[in-house]
Amino acid sequence: MSTATLSQLNLPLYERIRIDIQARLVEQGWDPDLPIPTEQMLAQEYQVSIGTIRKAIDRLVQEGMLYKAQGRGTFIKQPDFKNSLLRFFRFRNHEGKQAVPTGMVKSIRKVPPTPAINKHLQIDEGMALIELQRLRIVENKVVLSEQIWLPERLFSDLLRFEPLEFGNLLYPFYYQHCGQFISTAKETLSFTSEVEDSDLNARKGDMLIKIERLAYNLENRPVEYRISLGRPENFKYEVKIS
């Protein structure tokens, strides 16, 4: 028995359009840095009323896939990393001013499956992975050391690049070369003294801050598992309560 098409399903018209627009978002139908077509343009394309398009768009906004910017249009929602736990790492340059670390990929390679990592990424235990070693640097000093795992079947195109060809920001690189748009992420913080990291000049027994991040694509599937390590003297937890 063949799969039913959207038009054959007993769904409201706006819901069928919502599903179609969502599929276009996943398939890189629009540039995430630009607004999607206006409601008027979409209404003309789908040959429906603006009210029907508005219902479909509002559903996608409620689901966190789109957001509306007054006077600018409707955009694909990108994660706001101002709320990342990494913001509590405070780095200063030689002038004592707060500095933002620069990212640098140290190495990239295909690696065999690791049961714990594959479980985080919700992929078959036999699927291969891509592993990146990445550093965050302030004035030629390593302040964060990161290990990143990706499903090889989704990110194999990254293996064509040398480490220095990666940009400062990884997520736009993922989207440009692999079509994987990171829309949300979940982070957890812990402490570890079990890691030896030469880039941080840390030996086993030295206390490090450990931040684990699981990042999700537009289909709400986990596609990146990351561990960031940093020295506790650079970490200051501060929150305003009102």
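Visitor: How many salt bridges does a search of the whole structure find?
Guide: This is a predicted model, in which local features need pLDDT of at least 70 and side-chain atom pairs count only at pLDDT 80 or more, while totals for chains, interfaces and linings use all residues. Residues are numbered from 1 along each chain as its sequence is written, and side-chain values use heavy atoms, with hydrogens and water left out. A salt bridge is taken as a side-chain nitrogen of Lys or Arg within 4 Å of a carboxyl oxygen of Asp or Glu. With that criterion, the number of salt bridges found in the whole structure is 14.

Visitor: Which residue forms a salt bridge with D58?
Guide: The closest N and O atoms of the pair are 3.0 Å apart. The bridge links distant parts of the chain, 10 residues apart, with D58 in helix 3 (residues 50–62) and its partner in strand 1 (residues 66–69); helices (H or I, at least four residues) and strands (E, at least two) are DSSP runs, numbered from the N terminus. The residue that pairs with D58 is K68.

Visitor: Is E131 buried or exposed?
Guide: E131 forms a salt bridge with R109, the closest N and O atoms being 2.9 Å apart, and the pair links strand 4 (residues 129–138), which holds E131, to strand 3 (residues 102–111), which holds R109. Buried means under 20% relative accessible area, exposed over 50%, and partly exposed in between (1.4 Å probe, protein chains only). R109, at 47% relative accessibility, counts as partly exposed. Because its relative accessible area is 7%, E131 is buried.

Visitor: Why do the buried residues of helix 3 line one face of the helix?
Guide: The buried residues of helix 3 are T52, I53, A56, I57 and L60. Seen down the axis, the buried residues line one face of helix 3 because they fall within an arc of 130°.

Visitor: Which residue takes a positive phi just after helix 3?
Guide: The phi in question is about 85°. The residue that takes this positive phi just after helix 3 is G64.

Visitor: Which side chain does a polar contact join to that of E15?
Guide: E15 lies in helix 1 (residues 13–26), and because its relative accessibility is 10%, E15 counts as buried. A polar contact is a pair of N or O atoms within 3.5 Å; within protein, one must be able to donate a hydrogen and the other to accept it, and residues adjacent in sequence count only if both atoms are side-chain atoms. At 2.7 Å, the contact joins the side chain of E15 to that of R18.

How values were computed: The arc is that of the directions from the helix axis to the C-beta atoms.
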